[in-house]
Structure formats: C-alpha cells, structure tokens
Amino acid sequence: MGDGRPRLSTPVVWTDLHRLHEPGGEVWVGLRTPGTEVPERAERIRAALAGARLVEASPQPDEAVLAVHDAALLDYLASAWREWEAAGLTRDPGQDRVVPYIFPVPSLFPAGVGPAQPAAASARAGRFAYDTMTLIGPGTWEAARAAVDAALTAADLVLAGERAAYACCRPPGHHATRSGFGGSCYLNNAAATAARLRASVDAPVAVIDVDAHHGNGTQAIFWDDPLVLTGSVHVDPGAGWFPHFLGFADETGVSGTNRNLPLAPGSGDDEWLEAVRSLAGWARAGGAEALVVALGVDAAACDPESPLAVSAAGFRSAGRELGALGLPTVLVQEGGYDLETIGELVREVLLGVEEGLRGASERRQ
Ligand code: SP5
Ligand code: ZN
C-alpha cells in the first residue's frame, strides 16, 4: 500500500448485498427517529481496511441458518415486506417499513391458550419482533441472509486453515434469538458461525461478545448448550440500557456456560479490558478450541449509542488479549455507530488479534 501503515493479513469477507437493507430509521418511544444502523457503516469499515484481502461471501444453505433459528422466523422475515406491501400498508396509512404495533406477550393469554395466527399483516409484524426499532424494508431479508453467508464464509476460511477471518456483517445479529428479532438484528450471524465451528471442532467453542450491548440473542440460542461458551461484556442493563430485561451477571445458562460482565456507564479501558481478559481466561479454562468474536465497536468513547469510554488503544489491546488465546478465530461485525471512527476501530482490533496470535504461536515453539 505504501502509506506506512501495517498491512492486515486477516481476510475480510464482504458482500455488496448489505446495501439492500436500508432500515430508514427506528421507531423509538413511538417516534420515527433517524436510526444509526445505516449502510454507510459497512462502507466505512471496508474503506479503513483497504489493502486487506477481500473475499466475497459465498451463498450458504438454509440448514446453516436453521441450526440457530426456527423456520417460522425465517419464513416470516422472508415474506414480511411482500405481505406488508400487498396489504396496502405502504399506501394507507402510508408506512414504508414493516413496523409492529401489537405484541403477543405472555400476559395476554390464559393458561393453555397461545397466540392465534393473526389475519392482518399489521398484526403479524409483532409475532417475531420484540421491539419497534428494527424495521423491515424491501431488501432487509436478502441483506440479513447475505450477512449470515458472510459470517459462515469467514468460518470456512478458518476451518480451511486461516488463523483468523473477519466478516463485515450488516445488518448485525447478536440480539436475534431463535425465534425473535430486535435491536437492529434479524439473523444471528455470530451464532450461526459458532454452530458451524462447533460441528467441525471436536471440543467446545466460545463466543466472546465485546459489543457495548448484551448479546442476548446468542445467550438465548446457546443457553442450554454445554459445548458453546457464551460470554458478553456490556453496559449494565440495570443502569437503563438496551436490552434492559437481560444481560445480568446471574444469568449463567443451564450448565454454567454463559457469562455476563455488565459494566457501569462511563467505564473505560481499564474496566473493559479487565472484563475482556476475564472472558478470554474463562473461555480457555472451559476448553474452547475455536473462538467467535462478536465484534461491536460501540463501546468506544465517541460512540453515540453507548456510555462506555473505550479508546482506540483499548480496542487494540482487546484484540491482543483475544488473539493470545491462540485459537482459530472468526470475528463477526456487530454494532458501532460513529461513522468517523468505526473503520479504524475495527482495524485496531484486527491488528491486535494478529499480534496476539503471533505471540501465541511464538510461545508454543
Ligand atoms: C447491534 C447493536 O448494537 N444494537 C444496538 C441496539 C440498541 N439500540 C437501542 C436504541 C435505544 C434508543 N436510542 C435512542 C436514540 C434515538 N434515536
Ligand atoms: Zn451494540
């Protein structure tokens, strides 16, 4: 490249199809706000990684998605936009995205009675959505499906011998559960990646989630799976942060394979890195032989969506800690909303992972 910057050796998996997902805002406290999960995020990351080897995402079978999601969620997401448009909702009342308005929460139902299949498209939107912020437009399904393809392509690169691979996924995925979507996430890219690694590695695999928000979807998907260790460091939901209802330290999974490390708002490099180190040590102690990093960079001090205060150097150090595990490593993009810095922060993590992996292999010799 000749710009004097260290060159990335980690392959970057990419798909142009992410551009098909234009959320067009978020409905938050009843208002349509601009929204931060925009297509430019991925473009900025790609620009900051210029010079790295780009690998096109290759299409993956539906079975790989069905390993972590119910068929009913996939069927809904694949048809939601068409149904919405066919029902005339884009003309009357003039809503250009799928937005739920009624949710079949358990409190609606007497014992033994479950939700009926609603006849109206406007009501069907609330069957799988758990918030009003995660809008569906004309290309949302294609983009979300392609994001899983990207993550699984990165997993395959690592299974074929790359020490690490990065998937520039958009939309993100860690808030999507087996049968629910929300938090700007539709399909859980990191969970699908962990499932693929798990099927090929004869040992536990770990997901370490460093996004500023709790990885509730990944936690839920692997809650009762003793062979996928799920750890998350995030801003304390008890201090008023998304996902509000989950992400507390006492959620440990059926067999102790989930670990949450909530941090107080305002926490910076010291507290955050100590938590990352602790999760890495926990994954090592649990016998993990492959690693998925749910890589949100919204814990950055400059990020508009979280009150954590991590620096660029902090992200580099976190990468080093994770790389030092010396495991086959797939990094999957999650959040990060400051367009000016998102690309550089991702680059710092990837460079740190490379440094950590080099250190690990030197120690082994
Ligand atoms: C992947 C990821 O980082 N998802 C984060 C979802 C959390 N969004 C919470 C948004 C809460 C409301 N934000 C108010 C800003 C007004 N637009
Ligand atoms: Zn986040």
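1. Valine 207 stands opposite threonine 230 in strand 7. Strand 6 (residues 205-209) runs parallel to strand 7 (residues 228-235), and 5 bridges join them. Strands are DSSP E runs of at least two residues, and helices H or I runs of at least four, numbered from the N terminus. The model is predicted: local features need pLDDT of at least 70 and side-chain atom pairs pLDDT 80 or more, while totals for chains, interfaces and linings use all residues. Residues are numbered from 1 along each chain as written, chains are lettered from A and ligands numbered from 1 in written order, and side-chain values use heavy atoms, without hydrogens or water.

2. An open sheet of 8 strands has the order 4-1-5-10-9-6-7-8 with parallel pairing (two strands pair if DSSP finds at least two bridges between them). Strand 4 (54-56) and strand 8 (258-263) are at the edges with a single partner strand each, so one side of each has no neighbour in the sheet. Neighbouring strands are turned by 20 degrees against each other on average, direction ignored.

3. Helix 6 (residues 189-200) lies across strands 6, 7, 9 (291-295) and 10 (329-333), at about 175 degrees to strand 9. Contact means heavy atoms within 4.5 Å; angles run from 0 to 180 degrees between N-to-C directions of axes fitted to C-alpha atoms, for helices over the stretch in contact.
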